[in-house]
Amino acid sequence: MPRIVITHAIQDPRRWLAGKAERVAAAPGAREVTDLLALDGSNQAALALEVDDVEAFLAMVAAMPPEVAAQAESHGVIQPFTVYVEA
């Protein structure tokens, strides 16, 4: 199962961290989800996870359903995303 890392800016670390359960539920086939905050205290964050179907996950990120986009906005996520896939 490939590991994916998504980086992006956030408005507030506490607000973003509080939404972890919703992020996990919105990621189809996701396991081993880890939230990461920038050590320098900036507004940069990362989400690392393993997914069953990389193509389906990447398609969802590229064209987020309205409810997922609204959820990200409610967590203070600032786009764009940078997505890394385990080689």
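Student: In this predicted model, does Asp35 count as buried or exposed, and at what relative accessibility?

Tutor: Asp35 has its place in strand β2, residues 30-37. The cut-off for buried is under 20% relative accessible area. Asp35 falls under that cut-off, so it counts as buried, at a relative accessibility of 17%.

Student: Which residue forms a salt bridge with Asp35?

Tutor: Leaving aside neighbours within four places in sequence, the contacts of Asp35 include Trp16, Leu17, Lys20 and Arg23. A polar contact of 2.7 Å joins the side chain of Asp35 to that of one of these, Arg23. The closest N and O atoms of the salt bridge are 2.7 Å apart, and the partner of Asp35 is Arg23.

Student: Is Arg23 buried or exposed?

Tutor: Arg23 is found in helix α2, residues 20-26. Its contacts beyond four places in sequence include Trp16, Leu47, Gln71 and His75. With a relative accessibility of 11%, Arg23 counts as buried.

Student: How many residues apart in sequence are the parts that Arg31 and Asp52 tie together?

Tutor: The side chains of Arg31 and Asp52 meet in a salt bridge of 2.6 Å, N to O. Arg31 lies in strand β2 and Asp52 in the loop between β3 and α3, so the parts tied together are apart in sequence by 21 residues.

Student: Which strand holds the partner of Arg3 in its salt bridge, Glu50?

Tutor: In the salt bridge between Arg3 and Glu50, the closest N and O atoms are 3.9 Å apart. Arg3 is partly exposed at 25% relative accessible area, and Glu50 is partly exposed at 23%. The pair links distant parts of the chain, 47 residues apart, with Arg3 in strand β1 and Glu50 in strand β3.

Student: Which element gives the most to the largest nonpolar core?

Tutor: The largest nonpolar core has 14 residues, and those with the most contacts inside it are Ile4, Leu49, Val51, Phe57 and Met60. At least two residues each come from β1, β2, β3 and α3. With four residues, the element that gives the most to this core is α3.

Student: What is the relative accessible area of Val85, a residue of the nonpolar surface patch?

Tutor: Val85 is found in strand β4, residues 77-85. Together with Leu58 and Val83, Val85 forms a nonpolar patch on the surface, with about 190 Å² of accessible area together. Patch residues need over 30% relative accessible area. Val85 is partly exposed, and its relative accessible area is 40%.

Notes: Residues are numbered from 1 along each chain as its sequence is written. This is a predicted model: local features need pLDDT of at least 70, side-chain atom pairs count only at pLDDT 80 or more; totals for chains, interfaces and linings use all residues. Side-chain values use heavy atoms; hydrogens and water are left out. Patches are made of residues with over 30% relative accessible area and no salt bridge: like charges are joined within 9 Å, nonpolar side chains (Val, Leu, Ile, Met, Phe, Trp, Tyr) within 5 Å. Accessible areas come from the Shrake-Rupley method with a 1.4 Å probe; for residues, only the protein chains shown count as cover. A salt bridge is a side-chain nitrogen of Lys or Arg within 4 Å of a carboxyl oxygen of Asp or Glu. Buried means under 20% relative accessible area, exposed over 50%, partly exposed in between (1.4 Å probe, protein chains only). Contact means heavy atoms within 4.5 Å. A polar contact is a pair of N or O atoms within 3.5 Å; within protein, one must be able to donate a hydrogen and the other to accept it, and residues adjacent in sequence count only if both atoms are side-chain atoms. A nonpolar core is a set of buried Ala, Val, Leu, Ile, Met, Phe, Trp, Tyr and Cys residues joined through side-chain atoms within 4.5 Å.
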